[in-house]
Structures are given as C-alpha cells and as structure tokens.
Amino acid sequence: VTGASFVVFNGALKTSSGFLAKSSIIEDGLMVQITPETMEGLRQALRDKKDFKITCGKTDTGDIKEYVDICWVENEEKTNKG
C-alpha cells in the first residue's frame with residue numbers, strides 16, 4: 001500500500017509497449033500510465049462512482065504483482081481533509 005498526495009493518470013500508453021499498465025512514484029505522488037481503452041473504462045467508473053482496478057505489469061508475464069485500486073468509500077472521516 002502506497003500513500004500519495006496526488007495521482008496522475010496518463011492515457012497514452014501504447015498497447016505495443018508490452019505493458020498492461022505502469023505505475024511510478026513521482027515526488028510524493030503516483031503516476032499511472034494506462035492505455036486509452038483503460039482510460040475510457042476509468043472515466044466511466046468515475047462517472048458511475050464504481051470501484052476500478054488497474055493491473056500493472058508486462059502483458060506476457062503471468063506473474064503480475066502490482067495493482068492500482070480506485071475505491072469509493074462511505075465514511076469520509078478517515079480520508080485526507082487537505
């Protein structure tokens with residue numbers, strides 16, 4: 001689990017890159033590089049207020065270990081007030 005001050009979603013990852021998605025820590029935030037198709041799915045999930053999971057790693061590797069989960073919560077008292 002990684003805490004971040006901000007998240008950047010970059011929808012320009014090419015499917016020919018060999019990655020499902022890539023995540024990188026940048027300063028005190030997180031950048032997630034995703035394909036345009038995944039970006040459209042993320043946008044729709046945000047509109048519908050639905051949870052969304054992004055699987056990161058190479059497409060040809062069955063050993064995927066990293067996920068970016070976007071989760072909606074009921075109780076906002078535990079979230080960052082800033």
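**Reading the sheet and helix of a predicted model**

Modeller: Helix H1 (residues 36-48) lies across E1, E3, strand E4 (52-58) and E5, and runs at about 160° to E4. Helices (H or I, at least four residues) and strands (E, at least two) are DSSP runs, numbered from the N terminus. Axes are lines fitted to C-alpha atoms, for helices over the stretch in contact, and angles run from 0 to 180 degrees between N-to-C directions. Contact means heavy atoms within 4.5 Å.

Colleague: What pattern does the protein chain follow along the sequence?

Modeller: The protein chain has one helix and five strands, in the pattern β-β-β-α-β-β.

Colleague: In what order do the strands stand in the sheet?

Modeller: The general idea is that strands of a sheet pair through backbone hydrogen bonds, either parallel or antiparallel. Two strands count as paired if DSSP finds at least two bridges between them. Here the five strands form an open sheet in the order E1-E3-E2-E4-E5, with mixed pairing. Strand E1 (7-10) and strand E5 (66-70) are the edge strands, each pairing on one side only. On average, neighbouring strands of this sheet are turned by 35° against each other, direction ignored.

Colleague: Which strand is joined to E1, and by how many bridges?

Modeller: Strand E3 (residues 29-34) runs parallel to E1, and four bridges join the two. Asn 10 has Gln 33 as its bridge partner in E3. Elsewhere the sense is antiparallel: E2 and E4 pair in this way over two bridges, and E4 and E5 over five bridges. Ala 21 has its bridge partner in E4, namely Gly 57, whereas Ile 54 is partnered by Val 68 in E5.

Colleague: Is Gln 33 buried or exposed?

Modeller: Buried means under 20% relative accessible area, exposed over 50%, and partly exposed in between (1.4 Å probe, protein chains only). Gln 33, in strand E3, counts as buried because its relative accessibility is 18%. Leaving aside neighbours within four places in sequence, the contacts of Gln 33 are Asn 10, Leu 13, Ala 21 and Lys 22. Across the protein chain, buried residues make up 22% of the 82 residues. Of the contacts with a separation of 6 or more, 37% are between residues 24 or more positions apart.

Colleague: Which residues form a nonpolar patch on the surface?

Modeller: Patches are made of residues with over 30% relative accessible area and no salt bridge; like charges are joined within 9 Å, and nonpolar side chains (Val, Leu, Ile, Met, Phe, Trp, Tyr) within 5 Å. Accessible areas come from the Shrake-Rupley method with a 1.4 Å probe, and for residues only the protein chains shown count as cover. In this model Phe 6, Val 8 and Ile 26 form such a patch, with about 210 Å² of accessible area together. Phe 6 lies in the segment before E1 and counts as partly exposed because its relative accessibility is 34%. The protein chain has an accessible surface of about 6200 Å², of which 49% belongs to carbon and sulfur atoms.

Colleague: Which side chains meet in a salt bridge?

Modeller: A salt bridge is a side-chain nitrogen of Lys or Arg within 4 Å of a carboxyl oxygen of Asp or Glu. By this rule the count is one salt bridge, between the side chains of Glu 40 and Arg 47 (3.9 Å, N to O). Glu 40 is partly exposed at 39% relative accessibility, and Arg 47 is exposed at 52%.

Colleague: Where do Glu 27 and Lys 49 lie?

Modeller: Glu 27 lies in the loop between E2 and E3, and Lys 49 in the loop between H1 and E4. Neither is a glycine, yet phi is positive in both: near 50° for Glu 27 and about 55° for Lys 49. Glu 27 counts as exposed because its relative accessibility is 75%; for Lys 49, also exposed, the value is 58%.

Colleague: How many residues apart in sequence are Lys 14 and Pro 36?

Modeller: Lys 14 and Pro 36 are 22 residues apart in sequence, with 8.0 Å between their C-alpha atoms. Lys 14 belongs to the loop between E1 and strand E2 (19-26), and counts as exposed at 58% relative accessibility.

Methods:
Residues are numbered from 1 along each chain as its sequence is written. This is a predicted model: local features need pLDDT of at least 70, side-chain atom pairs count only at pLDDT 80 or more; totals for chains, interfaces and linings use all residues. Side-chain values use heavy atoms; hydrogens and water are left out.
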